[in-house]
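Welcome, and thank you for taking a look at this one with me. Please have the sequence and the 3D view at hand as you read.

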Amino acid sequence: MPAESQPAPVPHLAAVESYNILRDQLQHEDNLITQRLSWLMGSQAFLFTAYAIVLNGPERPKSDLIGALQDDLLGILPAVGLLSAVLIYVSIIAGVIAMFGIHRLARSFCDDAAFRFPPLRGRKLTRYMGFASPLLLPLIFITVWLLIWGRGFP
């Protein structure tokens, strides 16, 4: 019985290939964060609009059932807005953590490389400034929904 051939050893990636892989991973995480921010903005716009419509409904509803539904919606919509903002925020934080991991890996890789590569995503200050919107916008929506829910819960 002939001996099975061993797979050929995989050569180490060239520095440029490794750099491009890290850059692609970083770009992927950045795209995911952008998509999550779009979900946040879309969902919050929809929920604030729905809340305003229910809030501006007639003072005297056509029936007791409609009045009860309006009261329920005034409590449910802030809860849904709050929960969706929190869940999207958690996923944004996961993306930011992944990006920091990629930066850490790239930093160690670039320090070991025979030559220096340009930074994957700007300098430290611009990276942190770039995270301001993804990290602060959800907190703003969470705060507003908590205020609305705390004052307007039937």
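## A walk through the predicted model

Val-80 lies in helix 2, which covers residues 64-112. Please keep in mind that what you see is a predicted model. With a relative accessible area of 39%, Val-80 is partly exposed, because that value falls between the 20% limit for buried and the 50% limit for exposed. Val-80 also belongs to a nonpolar patch on the surface, together with Leu-73 and Ile-76. The three residues of this patch have about 220 Å² of accessible area together.

Let us step back to the whole chain. There are 4 helices and 0 strands, so the pattern along the sequence reads α-α-α-α. Of the 154 residues in the chain, 30% are buried. The accessible surface comes to about 10700 Å², and carbon and sulfur atoms account for 66% of that surface. If you look at contacts between residues at least 6 apart in sequence, 85% of them join residues at least 24 apart.

How confident is the predictor? The chain has an average pLDDT of 83, and 84% of the residues score at least 70. Confidence is highest in helix 1 (residues 15-55), at a mean of 91, and lowest in helix 3 (residues 124-130), at 83.

Now for the interior. In soluble globular proteins, nonpolar side chains tend to be buried together. Here, the largest nonpolar core holds 26 residues, and the members that touch the most others are Leu-40, Ile-92 and Leu-120. At least two residues of this core come from each of helix 1, helix 2 and helix 4 (132-152). Helix 2 gives the largest share, with 11 residues.

Which residues does Ile-92 contact, once its neighbours within four places in sequence are left aside? The partners are Ile-33, Arg-36 and Leu-37, along with Pro-134, Leu-135 and Pro-138.

Leu-135 sits in helix 4 and has a relative accessible area of 25%. Beyond residues up to four places away in sequence, Leu-135 touches Tyr-89, Ile-92, Ile-93 and Val-96. Along the chain, Leu-135 and Ile-93 are 42 residues apart, yet a distance of 7.3 Å separates their C-alpha atoms.

Two further residues in helix 2 are worth a look: His-103 and Ser-84. Is His-103 buried or exposed? His-103 is buried, because its relative accessible area of 8% is under the 20% cut-off. Ser-84, at 18% relative accessibility, counts as buried too, because it is also under that cut-off.

| Residue | Relative accessible area | Touches |
|---|---|---|
| His-103 | 8% | Leu-26, Leu-120, Arg-121 and Arg-127 |
| Ser-84 | 18% | Ser-43, Gln-44 and Leu-47 |

Note on methods: Residues are numbered from 1 along each chain as its sequence is written. This is a predicted model: local features need pLDDT of at least 70, side-chain atom pairs count only at pLDDT 80 or more; totals for chains, interfaces and linings use all residues. Side-chain values use heavy atoms; hydrogens and water are left out. Patches are made of residues with over 30% relative accessible area and no salt bridge: like charges are joined within 9 Å, nonpolar side chains (Val, Leu, Ile, Met, Phe, Trp, Tyr) within 5 Å. Accessible areas come from the Shrake-Rupley method with a 1.4 Å probe; for residues, only the protein chains shown count as cover. A salt bridge is a side-chain nitrogen of Lys or Arg within 4 Å of a carboxyl oxygen of Asp or Glu. Buried means under 20% relative accessible area, exposed over 50%, partly exposed in between (1.4 Å probe, protein chains only). pLDDT is the predictor's confidence in each residue, from 0 to 100. A nonpolar core is a set of buried Ala, Val, Leu, Ile, Met, Phe, Trp, Tyr and Cys residues joined through side-chain atoms within 4.5 Å. Contact means heavy atoms within 4.5 Å.
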